[in-house]
2 protein chains.
Amino acid sequence: MRSRMPRKRRIAKVSGFPECSPDEMLVFGQWLRKITETFEEFGFAPMITRSVEEIGTITSKGADVDKEIYALVRLEDVLAGSSKLDSRLALHFDLTVPFARYVAEHAGRIVFPFKRYQVQPVWRGERAQEGRYREFYQCDVDVVDIPSASGFYDRHTPEVILETLSRLDIPPVVFSINDRRVLEAFYENLEIDDPVGVIRVMDKLSKAGVQATRDALIRVTKLSERQADHCLRLARIRSRDSEFVGAVRDLGATSERLDACLHELDEVRQYLLAREYANIRVEVDLSIARGLDYYTGVVFEGHLQDYAGFPAICSGGRYENLVQSLSGRSIGGVGGSIGLTRLLLKLFKEGLVEVGASSPTELALLYLPESDAAWLRSVAGILRDRGIRVEECGGPERYDKLIKYCRRKGIKYCVYQNAEGDLKLRDLSAGHERAFDARTWRAC
Amino acid sequence: MRSRMPRKRRIAKVSGFPECSPDEMLVFGQWLRKITETFEEFGFAPMITRSVEEIGTITSKGADVDKEIYALVRLEDVLAGSSKLDSRLALHFDLTVPFARYVAEHAGRIVFPFKRYQVQPVWRGERAQEGRYREFYQCDVDVVDIPSASGFYDRHTPEVILETLSRLDIPPVVFSINDRRVLEAFYENLEIDDPVGVIRVMDKLSKAGVQATRDALIRVTKLSERQADHCLRLARIRSRDSEFVGAVRDLGATSERLDACLHELDEVRQYLLAREYANIRVEVDLSIARGLDYYTGVVFEGHLQDYAGFPAICSGGRYENLVQSLSGRSIGGVGGSIGLTRLLLKLFKEGLVEVGASSPTELALLYLPESDAAWLRSVAGILRDRGIRVEECGGPERYDKLIKYCRRKGIKYCVYQNAEGDLKLRDLSAGHERAFDARTWRAC
């Protein structure tokens, strides 16, 4: 063993770029397929954008993401120690900006409202830590229209995310909804001059804690103690029924705009609570703000109930100005995203998802030296025509080695030709053998 | 219109990074699914590696690919005009090197023979031209084992590629097979000192032409005119039957090794020709060399018959030394790859694949202002439980606009609630309407 250590070390893992083992990867692939199939069941069309954007496009959002972005340079220039490195391009750090750029670029060939899903890796050069990676897969759905998507999608888009999550075997999730306009109307009511600044501070509440947030509200955004305390009281309001509306009024805040926003948020709540989603608790949570500046209405995020402090596994909301800022056209919509890498790697780590077989094979066909290869090949064809996943094992060539291979891969059935030339099915879990007919066999 | 031009120009397309329109993307997604499902039907397990490799790993193959590689630097360093840019990482330029690195890194958790498929984008900084892109999707299958995959996979791996292609709606393809060892044994027989050098020259034959190749063989690899002419005669041999064996002997070349290699190549030919693949012509072609140094045995590539000069749409072969060079362990195998982006974009361009609908929706459910939204929602649920892809259209809210939307997206059926409160199914192609029952309806 000692002699192998140096070799192993020679190929260092790269921090922040996680990879799955083959058995984990099989689950990852199954979830990926389930997610995309669900998105398509809701009529969302697949979309892949290029992995790179022009640096101007990526930074046009104005968010201070510069430090988290990877720019591209040609390796030969680096090796040549070139002083001026051509880096007009950078890897996208989310799927929303590329989507917005795509819509702006191809608007002429797009039918609006445009409903698409997008599953791709995104890259962030930030320090890697649990739940935060430098490369990870996001699964996004968005509906955009000119000038903006109908209010129906404030309810429907989070519904798609909820329905998709409910089809995955996940532990308890708390799915929180809010509306940016409720916060803004409430802050206006308190005569706060910079609502967006306050939202940015409040977004850190769960991490920073009440005291630090109060201090920041007073020092950074120059609120009075009374204003700060009202903001914090609002953020404590959580509810699965309409009571949150009264609770806000009890804080002494009233305005036509606030009432209207609360009413619309309650409609979203009613719509989402009208269905039961296994393992998902939907609630209004007025502390939810979402950091990104571009949200303008309903916002939502989902958290693993039993892992406080672990980042959101899904999120989204309505935006109006994002595409516009890129194209000059007024295009807005509602989007939602599932952080597949973040979610699954956590479930793997906590042992909350079953990881077993490392192969999709339903049945292994063993090519032993003495067997009739042409016949076995035709058997494989018959089985695949019936939609059965058949692995043809042409090596190693010893029966006992092949059986061991199947066991280690988690393959349940194998078929071989015995000394009499008959096909035998061996059930590796039950251990028994029987005659095999390719035209009728089904895994049970 | 004029006023929109500048906006359009502001969002420049990036050369070499192609993107599909929504209707093309739907086909791309369908092909992607068909390819991965076929790979899984053959028992290959899904695999995703990180998009980046350490520069040392990528260049360890020694191939002169440096200039084609994108290295990563942090944008803030570029913007700060930093002199020393940290570029320990580069984007992978194929899926074979990352796979080899993965196998070397995770060998302890892998069951051998290891059979995986991998569908990811790869990046090359080369000049973009038709069929050659800077970002494109490859679909790879590989079988590797310790010390190497059984000879069975020399036949089986190209078979998987052939079977996969045959399930796609492609124009005529010529699928050529050869064996590096046939070339090497033949060159040895001619007392050529540097077979690999000659292979590299011969690999350019189809592009460079006979005369230029002959000159290169004489000037670059120092062959005699007689040796060069023999190499070129060998490269002219094509055949769908065993005659190629005699044709090689007719060139006066004989050796035990050559005979053995010719015999094994003929076995692969027989195996692949034992099946009929619609639109694919399989043949032995002794001019096929494959540029990459790492191939050591059977090699194959597929070309669109009617587009001479267009690069290979699929390729592969046996390699022995690739993983070893990265891990110090002796791991070898046989791999094959389909160039999905290259293939599909060509078919789109030539109008050889039908591009129609821009949505996966089978049936659109129209939420008109006066309709019973709760009921329509339950109808959507019933249909999805039956596996039907239902798009809920909550905006725009005018019937005629929604119908126009469905037509433009290529959606065939829509359902709405009429003034009497009954559900009506409208067939947009046939134009007629009838009563709708969610429990029994099927698209025809």
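The sulfur of A:Cys414 has its closest cysteine sulfur in A:Cys406, 5.0 Å away, which is too far for a bond. A disulfide here is a pair of cysteine sulfur atoms within 2.5 Å, and by that rule the count over all chains comes to zero. In chain B, B:Cys393 is likewise in no disulfide, with the nearest cysteine sulfur, that of B:Cys406, lying 5.0 Å away. Both cysteines are tucked inside: A:Cys414 is buried, at a relative accessible area of 0%, and B:Cys393 is buried too, at 1%. (Buried means under 20% relative accessible area, exposed over 50%, and partly exposed in between, with a 1.4 Å probe and protein chains only.)

A word on the model itself: it is predicted, so local features need pLDDT of at least 70 and side-chain atom pairs count only at pLDDT 80 or more, while totals for chains, interfaces and linings use all residues. Residues are numbered from 1 along each chain as its sequence is written, chains are lettered from A and ligands numbered from 1 in the order in which they are written, and side-chain values use heavy atoms, leaving out hydrogens and water.

Now for the meeting of the two chains. In contact terms (heavy atoms within 4.5 Å), 110 residues of chain A touch 110 residues of chain B. The area buried between them is about 9,600 Å², with carbon and sulfur atoms giving 56% of it; buried area is the accessible area (1.4 Å probe) that two parts lose on being put together, summed over both. The rule for salt bridges, a side-chain nitrogen of Lys or Arg within 4 Å of a carboxyl oxygen of Asp or Glu, finds eight across this interface. In one of them, B:Arg377 pairs with A:Glu159, and their closest N and O atoms are 3.1 Å apart. Helix α2 (residues 22-41) of chain A supplies the largest share of the side of chain A that touches chain B, namely eleven residues. Helices (H or I, at least four residues) and strands (E, at least two) are DSSP runs, numbered from the N terminus.

Strands cross the boundary as well. Strand β3 (residues 70-74) of chain A runs antiparallel to β3(B), and five bridges join the two; strands pair if DSSP finds at least two bridges between them. Within this pairing, A:Val73 stands opposite B:Ala71. On the chain B side, four of the five residues of strand β3 (residues 70-74) are buried, so the strand is largely enclosed by the rest of the structure.

Side chains of opposite charge can pair when their charged atoms come close. Over all chains, the search finds 69 salt bridges. In chain A, A:Arg181 and A:Asp179 form one, with closest N and O atoms 2.6 Å apart. A:Arg181 counts as partly exposed at 21% relative accessibility, whereas A:Asp179 is buried at 3%.

Over in chain B, B:Arg167 has two partners to look at. One is B:Glu41, at 3.0 Å from N to O. That pair links distant parts of the chain, 126 residues apart: B:Arg167 sits in the loop between α6 (152-166) and β7 (173-179), and B:Glu41 in helix α2 (residues 22-41) of chain B. The other is B:Glu163, with closest N and O atoms 3.2 Å apart. B:Arg167 is partly exposed at 26%, while B:Glu41 is buried at 14% and B:Glu163 is buried at 16%. Elsewhere, salt bridges that share partners join A:Glu19, B:Arg50, B:Glu53, B:Arg101 and B:Glu105 into one network.
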